[in-house]
Amino acid sequence: MIVAAGLMTLAACGNKSENKAAENDSTAVEQAEATEAGAEAAETADATQAGPCTIEFDMFSVDVPEGWKVLKKDSHELKIGTGNDYYNDEQMRFEEHTYQNLDDQIKVMKGLNDVKDLGKQKHGEYNFLAYESPVPELTLLIKGNDKNEYALVEVSRAAYQGEAYKQILASMKMKQL
């Protein structure tokens, strides 16, 4: 609407160079909208990928088992699940936290109300720092590299009540540890 109002004002002035600038602004807006639509389409395309498959990140890789699908994926985040309903379907979210310090995140987790520190939990070949909370049900942290950057995993209530999340966590392979 702002662009349309600007075009009307410029047209009323009759200045062709200003009209040309407004057309360029309108084109830039259209291009930005097209880029955003393309990003959404790419995210939707990721949502059609179903397990079994392996998803690679800079810090780690994780196996998506049969019966699970990729719900969202970008350069530092992955969300997988058996369905789209966070509260009723098994879901897990993985994040790489580059340029963020694990020790700082531990302080944050310990300072949150309604969060229970479960200590270390071994899944596969790694020990994760585990925290239980109302939503998400389980949050796990693991050191990602020698810069003390980390990976975070959130497990939904439905997944936490099952066993598949343990298999998925055991499939994680940290690349720099």
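**View 1. Lys 72 and Glu 77 form a salt bridge, with 3.3 Å from N to O.** A salt bridge here is a side-chain nitrogen of Lys or Arg within 4 Å of a carboxyl oxygen of Asp or Glu. This is a predicted model: local features need pLDDT of at least 70, side-chain atom pairs count only at pLDDT 80 or more, and totals for chains, interfaces and linings use all residues. Residues are numbered from 1 along each chain as its sequence is written, and side-chain values use heavy atoms, with hydrogens and water left out. Lys 72 is partly exposed at 24% relative accessibility, while Glu 77 is buried at 14% (buried is under 20% relative accessible area, exposed over 50%, partly exposed in between; 1.4 Å probe, protein chains only).

**View 2. Glu 154 reaches Arg 93 at 2.7 Å, N to O, in another salt bridge.** Glu 154 sits in strand E9 and Arg 93 in strand E5, 61 residues apart (strands, E, are DSSP runs of at least two residues, numbered from the N terminus). Both belong to a salt-bridge network that also takes in Lys 72, Glu 77 and Glu 95.

**View 3. Strand E5, residues 91–97, has seven of its seven residues buried.** Gln 91, Arg 93, Glu 95 and His 97 point one way, and Met 92, Phe 94 and Glu 96 the other.

**View 4. E5 runs antiparallel to E4 (residues 77–81), joined by five bridges.** Strands pair if DSSP finds at least two bridges between them. Arg 93 partners Lys 79. E5 also pairs with E9 (residues 150–155), antiparallel over six bridges, and there Glu 95 stands opposite Leu 152.

How values were computed. Helix = DSSP H or I, 4+ residues; strand = E, 2+ residues; numbered from the N terminus.
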